[in-house]
Amino acid sequence: MLLTVIAKIQTRNDTGDKVRAHLFNLVESTRKEKGCVDYVLCQDNDNPSVFIFYENWESKTDLDAHMKSPHFKKCFAEIDGLFDSEVHLLTELS
């Protein structure tokens, strides 16, 4: 059963362009990772300081490996303190 992640990132002050660039750079490498089914980055049409990741992973182990990957750690080190986040881990009910 897939693990779905919905992550909301709200940038602080005028940091949206910097955060957007770093988040966007994360996408291509992540899509190549083991267990990554979907990795989609969206920007809110009404509030451009809000970004949403929609992700599907084959397992929690794959997601954990992603969060330990060098490109993930580098991205979030570069934008540390520039945003607030809310992350939801979801499992589909069938």
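Four strands make an open sheet in the order β2-β3-β1-β4, with antiparallel pairing. β2 (36-43) and β4 (83-91) stand at the edges. Each has a single partner strand, so one side of each is left without a neighbour in the sheet. On average, neighbouring strands are turned by 10° against each other, direction ignored. Strands of a sheet pair through backbone hydrogen bonds, either parallel or antiparallel.

The pairings are listed here.

| Strand pair | Bridges | Sense |
|---|---|---|
| β1 and β4 | 9 bridges | antiparallel |
| β1 and β3 | 8 bridges | antiparallel |
| β2 and β3 | 7 bridges | antiparallel |

T4 stands opposite L90 in β4. K8 stands opposite I52 in β3. I52 is also the bridge partner of C42. β2 and β3 form a hairpin, with 6 residues between the two strands.

How enclosed is β3 by the rest of the structure? Largely, because 6 of its 8 residues are buried.

## Helix α2

Helix α2 (residues 60-67) lies across β1, β2, β3 (50-57) and β4. Against β3, α2 runs at about 135°. Its buried residues are D62, L63 and H66. Seen down the axis of α2, these fall within an arc of 100°, so they line one face of the helix. An α-helix has 3.6 residues a turn, so residues three or four places apart point the same way.

In α3, the buried residues are F72, C75 and F76. Down the helix axis they fall within an arc of 85°, so they line one face of α3. The cover over these buried residues includes β1, β4, α1 and α2. Which exposed residues does the face of α3 turned away from its buried side carry? They are P70, K73, K74 and A77.

Helix α1 (residues 16-31) packs with α3 (residues 70-78) at an angle of about 175°. The two axes are 10 Å apart. The angle makes α1 roughly antiparallel to α3. From α1, the contact is made by K18, H22, L23, L26, S29 and T30. From α3, it is made by H71, F72, C75, F76 and E78. The residues of this contact divide into 5 nonpolar, 4 polar and 2 charged.

**K18.** This lysine is found in helix α1. K18 counts as partly exposed because its relative accessibility is 43%. Leaving aside neighbours within four places in sequence, K18 is in contact with E78, I79 and L82. K18 and L82 are 64 residues apart in sequence. In space, their C-alpha atoms are 9.0 Å apart.

**L3.** This leucine is found in strand β1. Is L3 buried or exposed? With 11% relative accessibility, L3 counts as buried. Leaving aside neighbours within four places in sequence, its contacts are E55, N56, W57, S59, K60, L63, L89, L90 and T91. One of these, L63, is a buried residue of α2. Another, L90, stands opposite T4. L3 and N56 are 53 residues apart along the chain, yet 5.6 Å separates their C-alpha atoms.

**N13.** This asparagine lies in the loop between β1 and α1. N13 is exposed, with a relative accessible area of 76%. Phi of N13 is near 50°, a positive value in a residue other than glycine. Most residues other than glycine have a negative phi.

## Summary

The model, a prediction, has an open sheet of 4 strands with α2 lying across it at β1, β2, β3 and β4. Helices α1 and α3 pack at about 175°. The buried residues of α2 line one face of that helix, as do those of α3 in their own helix. β3 is largely enclosed, whereas β2 and β4 stand at the edges.

Key
Residues numbered from 1 in each chain as written. Predicted model: local features only at pLDDT ≥ 70, side-chain atom pairs only at ≥ 80, totals over all residues. Heavy atoms only, no water. Axes fitted to C-alpha atoms, helices over the stretch in contact; angles between N-to-C directions. Parallel < 35°, antiparallel > 145°, perpendicular 65-115°, else oblique. Contact = heavy atoms within 4.5 Å. Nonpolar A, V, L, I, M, F, W, Y, C, P; charged D, E, K, R; others polar. Pairing = 2+ DSSP bridges. Buried < 20%, exposed > 50% of the residue type's maximum accessible area, 1.4 Å probe, protein only. Arc of directions from axis to C-beta.
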